[in-house]
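Reader: I'd like to learn how to read the features of a structure like this one. Could you walk me through it, please?

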Amino acid sequence: ESSAASDGYKGQVILKYLESDTVAGQYNIAFTTLLAIYLFPAAIYQKYLLPKIHNVSKDTQSLAHLHAEGAKMMLITGTAAAVILWIASDFFIQIFFGDNFSNSAAYLKILALGIPPMFVAFSAGAIISTGSLIQRKAALMFIVALTNILLNISFIPMYGAASAAWTTVACSYLLMTLYYHAAAKHLRRNL
């Protein structure tokens, strides 16, 4: 979801101004790695499943089935990606970026906790990308973006880049919850 990229970017900008360029750079490496992982569900949903979802958007039974199966698949693959990233983050950062960016591995481990909900958010977000629901989706993205900014401004001065990572994780769970609730409400209303 595009809010994932913008949430992380907000954290980077706020880190740059409230901390330093170095800290923002270390966080940027971790967050950019996370964005690379998000290309997987984005490709699945935008290139493959979204056209199918639009084709069955009037058939609520089929849409509900796609939603349930998609959410399960995304939860499983997101959890697997998070575990792999958690385990490999120290090695990955060391190999590709060296000792100067060892803090990036710590941020990456925190950010990995937000992968499963973001993968599920891709699934639920696809459901609310149909018909007139796109306005609802935009409003939910705005809520998450505002929450992200407020949390970053509140916690970065006290806790630094780790709080930007935790804020990103918290906003991933918030986005998943809001999207999933909106998709479920739409499906219940039309069954």
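This is a predicted model: local features need pLDDT of at least 70, side-chain atom pairs count only at pLDDT 80 or more; totals for chains, interfaces and linings use all residues.

Reader: Thanks! Where does Asn148 lie, and which side chain does the side chain of Asn148 contact?

Author: Asn148 lies in helix 6; helices here are DSSP runs of H or I with at least four residues, numbered from the N terminus. The side chain of Asn148 makes a polar contact with that of Asn152, at 2.9 Å. A polar contact is a pair of N or O atoms within 3.5 Å; within protein, one must be able to donate a hydrogen and the other to accept it, and residues adjacent in sequence count only if both atoms are side-chain atoms.

Reader: Now the helices themselves. At what angle do helix 6 and helix 7 cross?

Author: The general idea: two packed helices are described by the angle between their axes and the distance between the axes. Here, helix 6 (residues 134-159) and helix 7 (residues 161-190) cross at roughly 160 degrees, and their axes come within 9 Å. Helix 6 is therefore roughly antiparallel to helix 7. Axes are lines fitted to C-alpha atoms, for helices over the stretch in contact, and angles run from 0 to 180 degrees between N-to-C directions. Under 35 degrees counts as roughly parallel, over 145 as roughly antiparallel, 65 to 115 as roughly perpendicular, and the rest as oblique.

Reader: What lies in the loop between helix 6 and helix 7?

Author: Gly160 is found in that loop, and at 8% relative accessibility Gly160 counts as buried. Its C-alpha is 9.6 Å from that of Ala24, although Gly160 and Ala24 are 136 residues apart in sequence.

Reader: How does helix 2 pack with helix 5 and with helix 7?

Author: Helix 2 (residues 21-55) and helix 5 (residues 115-127) have axes 10 Å apart, at an angle of about 20 degrees. That makes helix 2 roughly parallel to helix 5, and their crossing is right-handed. With helix 7, helix 2 packs at about 25 degrees, with the axes 9 Å apart. This pair too is roughly parallel, and the crossing is right-handed. Pro41 belongs to helix 2 and is buried at 0% relative accessibility.

Reader: Last topic: aromatic rings. How many aromatic pairs are there?

Author: In general, a pair of aromatic rings is described by the distance of the centres and the angle of the planes. Rings of Phe, Tyr and Trp (its six-membered ring) pair if their centres lie within 6.5 Å; planes under 30 degrees apart count as stacked, over 60 as edge-to-face and the rest as tilted. By this rule there are nine aromatic pairs. For Phe92 and Phe96, the ring centres are 4.9 Å apart and the planes are at 50 degrees, so this pair is tilted. Both lie in helix 3 (residues 60-97), four residues apart, about one turn of the helix. Phe92 is partly exposed at 26% relative accessibility, whereas Phe96 is exposed at 56%.

Key:
Residues are numbered from 1 along each chain as its sequence is written. Side-chain values use heavy atoms; hydrogens and water are left out. Helices (H or I, at least four residues) and strands (E, at least two) are DSSP runs, numbered from the N terminus. Buried means under 20% relative accessible area, exposed over 50%, partly exposed in between (1.4 Å probe, protein chains only). A crossing is left-handed if the near helix is turned anticlockwise from the far one by less than a right angle, and right-handed if clockwise.
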